Amino acid sequence: MNFKMIGRFFVLILSIEAAFMLPALGISIADGTHAATKGFLYTLAIMLALILCLGMYSRRAKKSFFAKEGLFCVGLSWILMSVVGCLPFYLSGEIPSYVDALFEMVSGFTTTGASIVPNVEALSRSILYWRSFSHWLGGMGVLVFVLAVIPVSGKNEGFTMHLLRAESPGPNVGKLVPKMRQTAAVLYLTYIGLTVINFLFLLAGDMPVFDSICTAFGTAGTGGFGVKADSMESYSPYLQNVTTVFMLLFGINFSCYYLLLLRHFRAVLGDEELRLYLGLVLASIALISVNIYHIYQSTGDSIRHAAFQVSSIITTTGFSTADFDLWPSLSKGILLVLMAIGACAGSTGGGFKCARVLLCLKSARRNLRQVLRPNRVEVIRVNREPVAEKVIANTNAYLAIYVGLLALSFLVVSFDGFSVTTNFSAVMACFNNIGPGLEAVGPSCNFSLYSGFSKGILIFDMLAGRLEIFPILVLFSPGTWKKN
């Protein structure tokens with residue numbers, strides 16, 4: 001393991017995190033919130049000390065960098081960002097418990113949106129800003145940002161694919177353009193462009209500037225932290241509809257937007273994952289709209305609330321316009337299924353991903369055909385392109401580990417004594433980076449009821465879900481910590 005080279009990346013990551021923390025410090029100074037200002041200043045001082053120590057350690061680092069280092073670097077960097085990034089919450093006293101502050105920060109960076117704060121409106125604006133901005137930074141991934149802005153060439157270029165594969169969601173990650181730095185730049189420019197457009201549409205609906213910024217951050221990162229206790233319920237139908245549309249847009253594979261820019265419209269329309277994603281959305285909205293019609297007594301309101309919650313859940317954003325825990329069992333069941341499926345690969349959404357669901361369905365169909373005709377040879381294709389057997393094997397392995405970790409986490413948090421529905425939906429919401437669950441962790445509640453140990457398990461679930469398991473599991477492998 002090339003620890004010195006990894007130390008260099010930690011210096012970059014901490015430097016970027018510190019730079020992005022400065023606007024929050026500026027807001028706290030402008031608002032005169034002294035406790036928050038102290039929290040941010042102390043945190044920046046700690047980060048500076050860490051940067052200097054890591055910089056001294058990583059001098060003369062050898063530039064060899066392989067897949068193992070990529071997984072290790074991604075997994076540990078997200079933990080480091082969270083451990084340090086939560087300090088303003090804790091040092092300001094606005095979240096008195098460090099475990100709770102860490103839970104909130106991990107939930108922010110992993111774009112989960114599960115909160116332990118009982119009254120979010122009591123938080124200062126600077127803390128609310130940093131809390132929401134963590135969604136935006138974590139949505140695309142801080143290492144993707146590093147690849148987009150840091151010049152990398154020659155012998156150093158080899159490590160970039162390892163980093164992008166480890167941090168980007170989905171069963172298979174490839175280049176959009178020949179150079180990895182250009183690929184990362186394309187992704188981030190698309191991300192920034194959609195965020196700005198979302199912000200402008202929110203402003204057009206008379207949403208306050210600060211609310212628009214935080215809501216755009218939460219929507220872009222598919223995170224779900226809001227600035228109001230009722231999430232999006234008190235905003236106008238126009239603002240709710242705008243958020244519905246943009247949640248769906250951020251749940252689409254970003255390569256589709258690149259293809260649109262190249263005017264490859266037929267390729268986008270023929271994308272099987274996109275068609276599955278949109279098909280699930282439309283079918284779910286139709287079923288839930290009919291199922292909740294008796295609650296709202298209006299076709300327009302039923303469709304609006306159904307569309308918002310379906311978009312929020314399948315993209316794992318976590319915003320809400322209603323307490324869907326009060327909806328009929330069929331509607332809650334559909335939302336629970338969407339929690340597991342999640343958005344498209346290559347988006348900012350979480351979950352198992354539509355791409356993996358598609359591969360599992362095609363693999364199951366092939367296996368069934370081979371049972372009927374044992375000598376049949378069939379290649380699985382997606383978008384008319386053959387899928388490598390290694391990708392199929394990795395998808396099956398991911399599914400097995402995914403189910404195993406869900407089951408184990410569910411059993412562990414059940415020691416706290418809450419209902420099966422509460423515990424299962426809490427684990428599902430955290431592992432799939434959704435936010436609200438059902439019953440005691442529903443849209444109108446929070447996760448503060450769990451013990452510190454259970455919160456630790458849920459923190460692990462959020463990180464494992466966002467990084468798609470393997471970068472986190474690599475940290476627990478003894479072979480990882482051996483020097484090259």
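Colleague: Thanks! To begin, what share of the residues of the protein chain counts as buried?

Modeller: Keep in mind that this is a predicted model. The protein chain has 484 residues. The share of them that counts as buried is 56%.

Colleague: And how many helices and strands are there in the protein chain?

Modeller: Both kinds of element occur here. The count for the protein chain is 22 helices and 2 strands.

Colleague: Which helix has the lowest mean pLDDT among the elements of the protein chain?

Modeller: For the protein chain, the mean pLDDT is 87, and 88% of the residues reach 70 or more. Residues 152-160 stay under 50, though the model still has 13 contacts for them beyond four places in sequence. Where pLDDT is low, the predicted coordinates should not be read in detail. At the top of the elements is helix α4 (residues 87-91) with a mean of 97, and the lowest mean, 50, belongs to helix α8 (residues 159-167).

Colleague: Good to know! Now, at what angle do the axes of helix α10 and helix α11 cross?

Modeller: Two packed helices are described by the angle between their axes and the distance between the axes. Here the helices are α10 (residues 209-220) and α11 (residues 237-250), and their axes come within 9 Å. As for the angle, the axes cross at roughly 35°.

Colleague: How many nonpolar, polar and charged residues has the contact of α10 with α11?

Modeller: From α10, the contact uses Thr215, Thr219 and Ala220. The residues on the α11 side are Thr243, Phe246, Met247 and Phe250. Sorted by class, that gives 4 nonpolar, 3 polar and no charged residues.

Colleague: Let me pick one of those. Is Ala220 buried or exposed?

Modeller: Ala220 sits in helix α10, and beyond its neighbours within four places in sequence it is in contact with Trp136, Tyr191, Thr195, Phe250 and Thr348. The C-alpha atom of Ala220 is also 9.6 Å from that of Leu137, 83 residues apart along the chain. Because its relative accessible area is 0%, Ala220 counts as buried.

Colleague: Next, which residues is Ser132 in contact with, leaving aside its neighbours within four places in sequence?

Modeller: Ser132 is part of helix α6 (residues 125-140). Its relative accessibility is 0%, so Ser132 counts as buried. Its contacts, with those neighbours left aside, are Cys214, Phe217 and Phe225.

Colleague: One more residue, please! How far apart in space are Ile459 and Val99, C-alpha to C-alpha?

Modeller: Ile459 is found in helix α21 (residues 452-466), and at 10% relative accessibility it counts as buried. Not counting residues up to four places away in sequence, Ile459 touches Val99, Leu102, Phe103 and Val106. Although Ile459 and Val99 are 360 residues apart in sequence, their C-alpha distance in space is 9.6 Å.

Colleague: Last one: what percentage of the contacts with a separation of 6 or more comes from residues 24 or more positions apart?

Modeller: The pair Ile459 and Val99, 360 residues apart in sequence, is one to keep in mind here. Across the protein chain, among contacts with a separation of 6 or more, residues 24 or more positions apart account for 71%.

Key:
Residues numbered from 1 in each chain as written. Predicted model: local features only at pLDDT ≥ 70, side-chain atom pairs only at ≥ 80, totals over all residues. Heavy atoms only, no water. Axes fitted to C-alpha atoms, helices over the stretch in contact; angles between N-to-C directions. Helix = DSSP H or I, 4+ residues; strand = E, 2+ residues; numbered from the N terminus. Contact = heavy atoms within 4.5 Å. Nonpolar A, V, L, I, M, F, W, Y, C, P; charged D, E, K, R; others polar. Buried < 20%, exposed > 50% of the residue type's maximum accessible area, 1.4 Å probe, protein only. pLDDT = per-residue confidence, 0-100.
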